[in-house]
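Good morning, and thank you for making the time.

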Amino acid sequence: MKKKTYEELVKESPVTYEMYANMVDDGNRYEISDGVLELMSPSPLFIHQFISHKMQVILDGSCQNEFIILAAPLDVILSDTEVRQPDLVMIHLSRTHIIGKRGINGAPDLVVEITSKHSLKRDKLTKRNVYAKYGVREYWIVDPSSFTLEQYELCEDHYELVDVYSGEEPIRSRTAPCVSFSMDELVSSLPVPPDQLK
Amino acid sequence: MEKKKKAADKVKEQPVTYEIYAEMPDDGNRYEVIDGVLELMSPSPTASHQSILLELIDALRQSCKSDYLIYFAPLDVILSDTNVVQPDAIMIHRSRKHIVTSRGIEGPPDLAVEVLSPSSRKRDRLKKRAVYEKHGVPEYWIVDPETETLEQFHLGERDKYVLTQLYEGDELVASDKLPCVSFAVSRLFADVLQ
C-alpha cells in the first residue's frame with residue numbers, strides 16, 4: 001500500500017491510528033483529534049524543552065520507584081481515532097500493561113502539557129476535555145509565561161481545577177504522592193535569566 | 001495605634017460579615033471578605049493591569065452600554081453577608097439595576113471579570129472563581145496579561161463553571177448570554193508597555 005501524505009490524509013475522515021501510523025514521514029508531528037489529523041505547532045521553544053527535561057529529571061528522582069515517566073514525542077493511543085502526544089506522562093508501575101510497542105495504549109495516570117502560544121487553546125480546551133473523557137486521573141498545565149502549574153483532578157467525567165502553584169509552593173499530587181517540587185526549582189535552574197527567553 | 005489594633009483584631013474575628021467590614025477604619029488598604037475571612041488585596045495594580053482594564057471597560061461600553069450598567073473596581077459586590085468582593089469589572093443588565101444600592105452591588109452581577117496579576121493569579125483562578133460560582137454569577141472572564149488571552153467561564157449543568165472558550169489574538173470575544181459583547185481580545189493589550 002502506498003503511504004499517504006498529510007495532504008491526502010487530512011481530507012479523510014475519520015483518520016485512524018493505522019492510517020496515521022502508515023503515513024509518509026514528512027518530519028512533522030501530528031495528533032489525531034477525534035478522527036481528524038492535526039499538525040502540531042512547529043518546534044517547541046527553548047523554555048518548553050528545558051522545563052520538560054527538568055521536570056522529567058525531578059519526577060524521575062522522586063517517583064521512579066512507583067512510576068514510569070516519559071516525555072514527548074510518544075504516542076498515547078486513547079482510542080483508534082484519538083492519538084495524542086502529551087509533553088510528559090506518568091504511568092503507575094501497576095499499570096505497565098498499557099505500555100506497548102507503538103506507545104501507550106490507554107490513559108496514563110498523569111499527563112502534563114507545557115503550554116506555548118500555539119498550544120494554549122488546545123491544551124486548555126480540547127486536550128483537557130479529551131484527557132477527562134478517556135479517564136486520565138490528573139492533568140497538569142504548566143505555563144512558562146507565568147511559571148505556574150494548574151492542577152486538574154478527574155471528578156467523574158470532568159476535570160476540576162484543584163490548585164494553581166507558583167513560587168515556592170510545594171506541588172502535591174493525590175495521584176502521585178511521590179511528587180515534591182516547586183515552580184521556583186524550575187525557574188532557578190534556568191541557565192539564563194527568564195527575560196532572555198521572552 | 002488604637003485604630004491599627006482594631007483592624008488587626010477584626011481580621012481574627014470569625015466569621016467577618018459585611019457589617020464588620022463596613023465599619024473597619026480606613027487604613028488605606030483594600031480588603032475583600034471571602035467565606036467570612038477578611039483578605040488583604042494585593043498592593044496597587046500595575047500600569048499594565050490598569051491599561052488592560054481601561055481598554056476592557058472601553059470595549060464593553062462601546063457595545064453594551066445601552067443594555068448594561070458597567071462598573072470597575074474598587075466597588076463592593078456583596079454576594080452574601082460573608083462574601084464581599086471587588087471584581088475588576090462587572091456588568092449588570094439594566095433590568096436588574098435594583099441590585100445597585102448605596103452600599104455597592106447587592107447580588108450577583110451578570111458578568112464578573114478579573115485581570116490577573118502575579119499576586120492575584122491563584123486567588124482569581126481558585127477562590128474567587130469558587131465564590132462567583134457559588135453565588136450564581138452566570139459568566140466569569142479571566143484576562144491573563146502574560147498569555148494575552150481571555151478565558152470565558154459559563155455556569156453549566158450542576159451550576160459549575162465550565163471553560164467554554166479561550167480567546168487569543170484577533171479572535172472576537174462573544175457571549176450567548178451577553179449578546180452585545182464583541183471586541184478583539186488583542187485590543188486589551190494594545191497599550192501595554194514592555
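Predicted model: local features only at pLDDT ≥ 70, side-chain atom pairs only at ≥ 80, totals over all residues.

I begin with B:Ile78, which sits in strand S4 (residues 77-80) of chain B. Helices (H or I, at least four residues) and strands (E, at least two) are here DSSP runs, numbered from the N terminus. Residues are numbered from 1 along each chain as its sequence is written, and chains are lettered from A and ligands numbered from 1 in the order in which they are written.

Is B:Ile78 buried or exposed? B:Ile78 is buried, because 21 other C-beta atoms lie within 10 Å. The cut-offs are these: a residue is buried with 20 or more other C-beta atoms within 10 Å of its own, exposed with 12 or fewer, and partly exposed in between, the C-beta atoms being placed from the backbone.

Leaving aside residues up to four places away in sequence, B:Ile78 touches B:Tyr18, B:Val84, B:Arg103, B:Gly104, B:Ile105 and B:Glu106. A contact here requires that the C-beta atoms of two residues, placed from the backbone, lie within 7 Å. B:Arg103 is 25 residues from B:Ile78 along the chain, and their C-alpha atoms are separated by 8.4 Å.

Let me now widen the view to chain B. Chain B holds four helices and 14 strands. Its radius of gyration is 17 Å, close to the 16 Å that the globule rule gives for 194 residues, so chain B is as compact as a globular protein of that length. That radius is taken over C-alpha atoms, and the rule is 2.2 Å times the number of residues to the power 0.38. Along the principal axes, the C-alpha atoms of chain B fill a box of roughly 55 × 40 × 30 Å. Of its 194 residues, 32% count as buried. Among contacts in chain B between residues at least 6 apart in sequence, 52% join residues at least 24 apart.

As for confidence, the mean pLDDT of chain B is 92, and 94% of its residues reach 70 or more. pLDDT is the predictor's confidence in each residue, on a scale from 0 to 100. The model scores ipTM 0.83 and pTM 0.89.

Next, I turn to one strand of chain B. Strand S10 (residues 139-144) of chain B is mostly covered, with six of its six residues buried. In a regular strand the side chains alternate between the two faces of the sheet. In S10(B) both faces are covered: B:Glu139, B:Trp141 and B:Val143 are buried on one side, and B:Tyr140, B:Ile142 and B:Asp144 on the other.

Which strands pair with S10(B)? Strand S9 (residues 111-115) of chain B pairs with S10(B) in the parallel sense over four bridges, whereas strand S11 (residues 149-155) of chain B runs antiparallel to S10(B) and is joined to it by six bridges. Pairing means that DSSP finds at least two bridges between two strands. B:Ile142 takes part on both sides, as the bridge partner of B:Glu114 and standing opposite B:Glu151 in S11(B).

S9(B), helix H4 (residues 121-134) of chain B and S10(B) make a right-handed β-α-β unit. Right-handed means that, with the strands pointing away from the viewer, the path from the first strand over the helix to the second runs clockwise.

S10(B) and S11(B) form a hairpin with four residues between them, and B:Glu148 in the turn has a positive phi of about 55°. B:Glu148 is partly exposed, with 19 other C-beta atoms within 10 Å.

Chain A also has a residue of this kind. A:Phe147 has a positive phi of about 50° although it is not a glycine, and lies in the loop between strand S8 (138-143) and strand S9 (148-155) of chain A. A:Phe147 is buried, with 21 other C-beta atoms within 10 Å.

I close with the contact between the chains. It takes 11 residues from chain A and 10 residues from chain B. On the side of chain A that touches chain B, H4(A) gives the most, with four residues.
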